[in-house]
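Please consult the display before reading on.

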Amino acid sequence: MKTAVILLFTIVLNFGLFSCTPEKVTTEMQEQQTCCGDDGTIPPPPPPPPPGDGN
């Protein structure tokens, strides 16, 4: 019984470690970013508000 538990744990651990490659993750991320047909540049954020008087 102990051997079966260790074998099952080893199989699950190997599946978790080797099921996803970094190349696959980066490819999926690049495909998801261009999903909306909005391939243009992203405008910069607005400037921060001016500092107040401290009142």
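**Exposure of a helix**

Author: At 53% relative accessibility, Leu17 counts as exposed, where exposed means over 50% relative accessible area, buried under 20% and partly exposed in between (1.4 Å probe, protein chains only). This is a predicted model, in which local features need pLDDT of at least 70, side-chain atom pairs count only at pLDDT 80 or more, and totals for chains, interfaces and linings use all residues. Residues are numbered from 1 along each chain as its sequence is written, and side-chain values use heavy atoms, without hydrogens and water.

Reader: In which helix does Leu17 lie?

Author: Helices are DSSP runs (H or I, at least four residues), numbered from the N terminus. The one that holds Leu17 covers residues 2–18 and is H1.

Reader: How many of the 17 residues of H1 are buried?

Author: H1 lies largely in the open, because its number of buried residues is zero.

Reader: What percentage of the 55 residues of the protein chain counts as buried?

Author: The count takes in the 55 residues of the protein chain. The buried share is 0%.

Key
Helix = DSSP H or I, 4+ residues; strand = E, 2+ residues; numbered from the N terminus.
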